[in-house]
Amino acid sequence: MNLRELGAIQLDGLKEVANIGACHAATSLSELTGEKIMVNVPQIKIVSIEEVPSLLGEPEEIMASILVYFLGDMTGTTLLVFPKAAAFHLVDSLLKREIGTTTNLTEIEESCLKEAANILTCSYMNALGDFLGLLIIPSVPSLAVDMVAAVFDTVSLNFSQDKDFVVCIETEFRFIEVGTILKGYFLLMPDPDSLGIVLKAIHLG
C-alpha cells in the first residue's frame, strides 16, 4: 500500500484516527496550561514532501518544528509544526504569561516549547497506538526554529524515494477563556510497511 493509493474511505478512517489523537493532545495541553482547550481537525491531506511548505505558509515564514521518529509495531516519522506566532502563544500559556509577552525564543523558551511539543506528540502517538492496538515508541524529539523552506530542506534529506508522501493533519486548538486559536500541523509519515498495518488496524486494509 502506498499513501498515493488511498481512497476517500481510507482518508475518512485516517481522519477519525487523527481526531482522536488531536483530542488527546488537547487534553494534555489543557493539563499543561490550566486552560480549557477544545480542538478541531479542519482537514487532512496527503501531499508530497515538496508540497508541504506551501501548505504551512510563505517560504521565509519562521516555524517551530519538532521532529520525532517512532518505532515499535509501526515505524516512521512525525513532525509537529507551529507558526512562530502560535509557538510564542504556546510558550506564554505554558509560562503563565500574558499572551504577547514572548517575542523571541531564548534557551528557556525553547526548552519549554520542546517539552510541550514532546508531550503533545507523545499524547498524539499514544492515542493512535491505543486506538489501533499497536505499540508505538517515540524517540527523543529534536527542535528546529527556522524558515519553512529551510526546515523542510533538512527534513527531506532523511526521506528516500519510497517515503516522499506525507499525511498532513491541520489542527486548531481553541483556548476558550481568552478566545484565541492556536493552529498547528501534525505531519505523519509511516514507513511503507507500517501504512498497511495502520489500515488493517482500522479495518481498511
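Let's start at helix 6, which covers residues 192–201: here Ser194, Leu195, Val198 and Leu199 are buried. Look down the axis of this helix and its buried residues fall within an arc of 140 degrees, so they line one face of helix 6. What do the buried residues of helix 6 pack against? Their partners are helix 1 (8–33), helix 4 (107–132) and strand 7 (180–190).

Now step back for the overall view, keeping in mind that this is a predicted model. The chain has 6 helices and 7 strands. Going along the sequence, they follow the pattern α-β-α-β-β-α-α-β-β-α-β-β-α. The chain has 205 residues, and buried ones make up 50% of them. How do contacts relate to the sequence? Take the contacts in the chain with a separation of 6 or more: residues 24 or more positions apart account for 70% of these.

Next, head for helix 3 (residues 84–94). This helix is mostly covered, with 9 of its 11 residues buried. The buried ones are Ala86, Ala87, Phe88, His89, Leu90, Val91, Asp92, Ser93 and Leu94. They pack against quite a list of elements: helix 1, strand 2, strand 3, helix 4, strand 6 and strand 7.

Let's pick one of those partners, helix 4. Helix 3 and helix 4 pack at an angle of about 90 degrees, and their axes are 10 Å apart. That angle makes helix 3 roughly perpendicular to helix 4, since 65 to 115 degrees counts as roughly perpendicular. On the helix 3 side, the contact is made by Ala87, Leu90, Val91 and Leu94, while helix 4 brings in Glu109, Cys112, Leu113 and Ala116. Sort the residues of this contact by class and you get 7 nonpolar, no polar and 1 charged.

Two residues of helix 3 deserve a visit of their own. One is histidine 89, which sits in helix 3. Is histidine 89 buried or exposed? Its relative accessible area is 10%, and buried means under 20%, so histidine 89 is buried. Not counting residues up to four places away in sequence, histidine 89 touches Ile99, Phe175, Thr180 and Leu182. The other is leucine 90: with the sequence neighbours up to four places away left out, it touches Leu29, Phe82, Leu113, Ala116 and Leu182.

Leucine 90 also leads us to the largest nonpolar core. This core has 44 residues, and the ones touching the most other members are Phe82, Leu90, Tyr124, Ile169 and Phe173. Which elements give two or more residues to it? They are helix 1, strand 1 (37–48), strand 2 (62–72), strand 3 (76–83), helix 3, helix 4, strand 6 (165–175) and strand 7. The largest share of this core, 9 residues, comes from helix 4. There is also a second, separate core of 16 residues, which includes Val47, Leu56, Val148 and Val166.

Let's return to helix 3 and see what follows it. Lysine 96 is in the loop between helix 3 and helix 4. At 56% relative accessibility, lysine 96 counts as exposed, because the cut-off for that is over 50%. What about its backbone? Most residues other than glycine have a negative phi. Lysine 96, however, has a positive phi of about 60 degrees although it is not a glycine.

Two more stops remain. Serine 28 lies in helix 1, and at 12% relative accessibility it counts as buried. Leaving aside neighbours within four places in sequence, serine 28 is in contact with Ile119 and Ser123.

Isoleucine 62, our last stop, is in strand 2. Its relative accessibility is 26%, so isoleucine 62 counts as partly exposed. How far is isoleucine 62 from lysine 84 in sequence and in space? Along the sequence they are 22 residues apart, yet in space they are 5.6 Å apart, C-alpha to C-alpha.

How values were computed
Residues numbered from 1 in each chain as written. Predicted model: local features only at pLDDT ≥ 70, side-chain atom pairs only at ≥ 80, totals over all residues. Heavy atoms only, no water. Buried < 20%, exposed > 50% of the residue type's maximum accessible area, 1.4 Å probe, protein only. Helix = DSSP H or I, 4+ residues; strand = E, 2+ residues; numbered from the N terminus. Arc of directions from axis to C-beta. Contact = heavy atoms within 4.5 Å. Axes fitted to C-alpha atoms, helices over the stretch in contact; angles between N-to-C directions. Parallel < 35°, antiparallel > 145°, perpendicular 65-115°, else oblique. Nonpolar A, V, L, I, M, F, W, Y, C, P; charged D, E, K, R; others polar. Core = buried A, V, L, I, M, F, W, Y, C linked by side-chain atoms within 4.5 Å.
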